[in-house]
Amino acid sequence: MSLPVISAEYARQLQDFEYKILTNQPKIEAWFRSQWGKHSPPFYGSVDIRNSGYKMASIDMNLFPGGFNNLNPNFVPLAAVAAQDAVERACEEAKSVLIVPENHTRNTFYLQNVYALSSILRSAGFEVRLGSLNPEITEPTEFETALGDKILLEPLLRTRERVHLADGFSPCIVLLNNDLSGGVPEILKGLNQTVLPPLHGGWTTRRKTNHFGAYNQVAAEFAELIGIDEWQINPYFEQISGLDFQEREGEDALADAVERMLAKIQAKYDEKGITDKPFVIVKADAGTYGMGVMSVKSADEVRSLNRKNRNKMAKVKEGLEVSEVIVQEGIYTYETLNGAVAEPVVYMMDRFVIGGFYRVHEGRGADENLNASGMLFVPLEQSIPSVHSSGNADPVLLATCKRVFEQWESLGVPRVDIDNPDNEPNRLYVYGVMARLSLLAASIELEQTAA
């Protein structure tokens with residue numbers, strides 16, 4: 001593929017930031033190791049990153065990633081090692097995994113994701129079967145994925161405190177690939193099996209502002225560790241509740257928050273000599289799939305929303321009504337792929353980076369949400385290096401993680417070696433660092449919100 005290019009105006013700032021990260025790589029990896037000794041990472045997750053050159057940060061963290069089909073299949077061996085570690089940390093004697101997917105039986109691309117996730121776990125040596133919550137699945141039913149692969153969905157059953165399939169298949173690990181936007185089903189409550197991610201990680205109870213509250217803690221500590229301005233990796237945010245978009249309730253409070261946020265960003269831009277026009281992203285505090293999201297550059301845009309746009313903001317997936325939003329600092333994405341705006345999405349299992357892709361949108365601008373109809377996915381052609389050492393780490397994994405990338409041709413930066421910090425930095429390594437910061441924040445978030 002053609003490698004993404006960064007706006008020439010901010011390329012130097014990006015290189016300076018990357019160089020700071022790369023030259024501190026031993027310190028960063030030691031810090032991550034110490035953090036994973038204190039906090040248990042989620043089973044898996046994906047992180048959306050925006051890169052303006054002068055600022056690079058996670059803008060969203062998904063605990064139930066649904067795009068495994070968009071990863072480079074060449075990375076399955078790396079993902080399998082990470083999956084083996086993740087499963088064994090949750091249940092040492094595990095030999096099998098029961099996946100509970102979304103009910104999207106008509107979305108063949110989502111089914112392809114389930115197939116890809118199952119393949120990773122099977123490659124890790126686990127028996128994998130799929131237990132469906134869909135009431136229309138009353139017997140084992142085969143479905144065809146977008147690429148023509150087959151998956152078998154079976155009704156999820158429960159006896160006392162265990163879920164199982166009709167033939168008694170009932171492993172100790174129940175892996176949710178369902179974000180529980182529609183609520184936590186009774187069948188999943190009070191199990192004596194390990195449910196991952198935990199039920200309180202679903203959108204029934206989870207809030208993005210809780211995540212970014214935890215991220216504030218992580219970003220501050222990391223920024224101090226390597227000597228950077230925390231703002232470079234951390235978007236401002238604020239929560240507004242008591243909203244009813246259709247009835248226009250809470251509109252003034254939201255507009256006031258937008259105004260405050262824009263002023264705060266402008267002050268930082270003035271301090272840094274940045275000439276961009278500030279914008280904010282208003283999005284549902286609970287929800288996914290890019291629903292309930294709008295980009296605004298003035299408080300008047302909030303007050304003048306037409307009925308169509310109010311309806312768009314009023315509900316998200318599963319008809320979940322939006323009464324709370326996060327007003328988040330907007331980060332321009334100045335990376336483009338073949339002329340189209342692009343943002344990286346990084347996938348992780350346990351504490352390991354296992355790959356990612358670029359979300360590309362030809363019809364969207366640098367200040368807009370790219371997670372929208374018309375987006376394309378371009379898999380990363382090489383794995384993101386992130387070095388881990390737990391004393392008994394698989395040597396194949398470590399060797400794979402030590403590989404480095406081609407730096408972007410457009411900047412004329414040669415291949416780098418992460419053992420040689422005198423070379424120019426590697427952007428994809430930096431993405432792996434940014435993603436793991438968000439993963440660590442998710443770990444803290446789940447600890448803080450556990451019942």
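Contact here means heavy atoms within 4.5 Å. The model is predicted, with local features needing pLDDT of at least 70 and side-chain atom pairs counted only at pLDDT 80 or more, whereas totals for chains, interfaces and linings use all residues. Residues are numbered from 1 along each chain as its sequence is written, and side-chain values use heavy atoms, with hydrogens and water left out.

View A. Helices (H or I, at least four residues) and strands (E, at least two) are DSSP runs numbered from the N terminus. The open sheet has 6 strands in the order S6-S7-S5-S4-S10-S11, with mixed pairing, two strands being paired if DSSP finds at least two bridges between them. Strand S6 (141-144) and strand S11 (194-196) stand at the edges with a single partner strand each, so one side of each has no neighbour in the sheet. S4 and strand S5 (residues 127-132) run parallel and are joined by 4 bridges. Helix H4 (residues 108-123) lies across S4, S5, S6, strand S7 (150-155) and S10, running at about 165 degrees to S4; axes are lines fitted to C-alpha atoms, for helices over the stretch in contact, and angles run from 0 to 180 degrees between N-to-C directions.

**View B. The disulfide of Cys91 and Cys172.** The sulfur atoms of Cys91 and Cys172 are 2.0 Å apart and form a disulfide, defined as a pair of cysteine sulfur atoms within 2.5 Å. This pair links distant parts of the chain, 81 residues apart, with Cys91 in the loop between helix H3 (76-90) and strand S4 (96-101) and Cys172 in the loop between strand S9 (162-164) and strand S10 (173-177). Both Cys91 and Cys172 are buried, that is, under 20% relative accessible area, with exposed over 50% and partly exposed in between (1.4 Å probe, protein chains only).
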